[in-house]
Amino acid sequence: MPRVPFVGRLSLRDYVALITSFALLALEVIIRTITLLLPGPIVRWFYRASRNAFNRLSSPASRHSRNRKKAVSSPIAQANDFLDICELYGYTAEEHIVQTGDGYLLGVHRLGYKRGEEDQKVNAGPGSVQKKVVYLHHGLMMNSEVWVCLTERELCLPFMLVEQGFDVWLGNNRGNKYSKKSLHTTPDKIAFWSFSMDQFAFHDIPDTIDYVLSTTKQPSLSYIGFSQGTAQAFATLSIHPMLNEKVDVFVALAPAMAPPGLAGGIVASLVKSSPEILYLAFGRRAIFGSATMWQALLYPAIFTWFIDKSLSFLFGWHTNNITAHQKMAAYPHLYSFSSVKTVVHWFQIIRHGTFQMFDDEGSSPLAVGKGSKYYKIAKFPTRNIKTPIVLVYGGSDSLVDIELMLRELPRHTVAKCIKKYEHLDLLWAHDVDELVFPHVLEALQTYAVPQGGQKSWKAIDRGIHDRQSLGANGSSTLEGSGSDRSLRLITQDQRLRQAYDWGLDSSTPDEQLDESEGDEKADEGPEWFALSPPPKAPSLLAALHTPERNHDHIAAATAP
């Protein structure tokens, strides 16, 4: 039985927030218990009732607007796993299992073949097709599906990299959907969930990279991370010097190191409190384990609305750069299991403002005297990283403190800002192919070791000149200059890109979320899907400079 900890010197407002949070958690437990006890027909009745109530509050025009995009978003939203999503777009993915040094079994996915190339051997030794390896890693409480649940092939980074001749691998953290197995314990035991970012850094990332390089017989790979996936790379590269020789470039999308804080008052109060408060509220196993139940219970449009409101409350994000049908497709794949201890670790980092290892003693905010004189929490020595680093972040991302990040990273770090972007926009915004992909491809072409070649990084040009404009909301490039680092704006190319016709509806996001009652059967998804034939893939940087995009949409078809 967990003990009730002394919370700390919190303000009256913080105490009210904590009490409110526990009341909400108790209510959630009651509703979850009742729901689990209800027969299936009653649960389905509640689902239909919520759908009908939602539709009665919407106009016919808004329902029509939403239904125009349903054939695209529904198959992706209802796909069971990574392989199913890739099959919708005509790609064949592989599943691999990595055993970590401490006995966890991690699911890893591979996209090594262009469409129509499946009969060839890739990176399988002499006589096989040799490709440069790129490794992608997801964020907190996510899995590899977040990289591929896009409604257009051209907006999907892994698919674009595959078509340009890369061997693409996508990792998963221990405990998530694809990695819930260990040789020593089981997910129903507390010991299974006793991990934080320390274990990701000491085991998951380096062991996965070693497996990928061993399987592909390549000397190095390029690492692309999102959110916590970047923090894991910062941590593991800082404590494994030899790993820097195996990663030729690290591209950090929406980089995370020491977030400045959270917008929600309740969560901000939890950050200030003792870790025991979180353990008392959420237990010591998986956090938000009931999220999948709510996803199954709520009507998709209501679930999407709820996620939007939660993101606004917690982080102040408005998600205006992500289309409504993209949210409907991606939000069902947003959550995956992680440990409460990992979240506690992040709260410790936020509270101390330092990218540190897990504080096992759980220093209390009540500590009297200067505790740092007698006890110092180990920091990840990120300035020791030798791998070239390219940061791509959103100017409206509340979780990025770029000045703090650049102070803690080596001098060769380059940072590029996309002013209008928030956190999730780096994955799912409607214009990632214009604003994000050029930075990624430039980093790969500048620093990545050519397949079969010798390591020959191009020197970082202090007067780097972006090869294309990023539109009216463009981006700026920042570089560090040591311990007294100042942020320097690099002059950019002022060429304006030709505007694209995105074919988006003029209706509001809320209107686009509506669906008619007659579409209930369509919620089950079509029986099979057809894809338009792919065009011959040109050079990606050349494609990004052309005034027209060739969109591949998923088209619903009737079974023969």
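User: What makes helix H7 roughly perpendicular to helix H8?

Analyst: This is a predicted model, and in it H7 (residues 197–216) and H8 (residues 228–239) pack at an angle of about 75°, with axes 9 Å apart. Angles of 65 to 115 degrees count as roughly perpendicular, so H7 and H8 get that label.

User: Which residues meet there, and what classes do they fall into?

Analyst: From H7 there are Met-197, Phe-200, Ala-201, Phe-202, Ile-205 and Pro-206, and they meet H8 residues including Gln-228, Ala-231 and Ile-239. The H7–H8 contact has 9 nonpolar, 3 polar and no charged residues.

User: Why is the pair of Tyr-335 and Phe-337 called edge-to-face?

Analyst: Their ring centres are 5.8 Å apart, and pairing needs centres within 6.5 Å.

User: How do you know whether Tyr-335 is buried or exposed?

Analyst: Tyr-335 has a relative accessible area of 19%. Buried means under 20%, so Tyr-335 is buried.

User: And what about Trp-169 and Tyr-211: how accessible are they?

Analyst: Trp-169 is at 0% relative accessibility, so Trp-169 counts as buried. Tyr-211 has 26%, which lies between the 20% and 50% cut-offs, so Tyr-211 is partly exposed.

User: What makes the charged end of Lys-180 sit "over" the ring of Phe-337?

Analyst: That charged end is 4.0 Å from the ring centre of Phe-337. The rule asks for within 6 Å, and also within 35 degrees of the ring normal. Arg-174 has its charged end over the ring of Tyr-104, 4.0 Å from the centre.

Note on methods: Residues numbered from 1 in each chain as written. Predicted model: local features only at pLDDT ≥ 70, side-chain atom pairs only at ≥ 80, totals over all residues. Heavy atoms only, no water. Axes fitted to C-alpha atoms, helices over the stretch in contact; angles between N-to-C directions. Helix = DSSP H or I, 4+ residues; strand = E, 2+ residues; numbered from the N terminus. Parallel < 35°, antiparallel > 145°, perpendicular 65-115°, else oblique. Contact = heavy atoms within 4.5 Å. Nonpolar A, V, L, I, M, F, W, Y, C, P; charged D, E, K, R; others polar. Buried < 20%, exposed > 50% of the residue type's maximum accessible area, 1.4 Å probe, protein only. Phe/Tyr/Trp six-rings, centres within 6.5 Å; stacked < 30°, edge-to-face > 60°.
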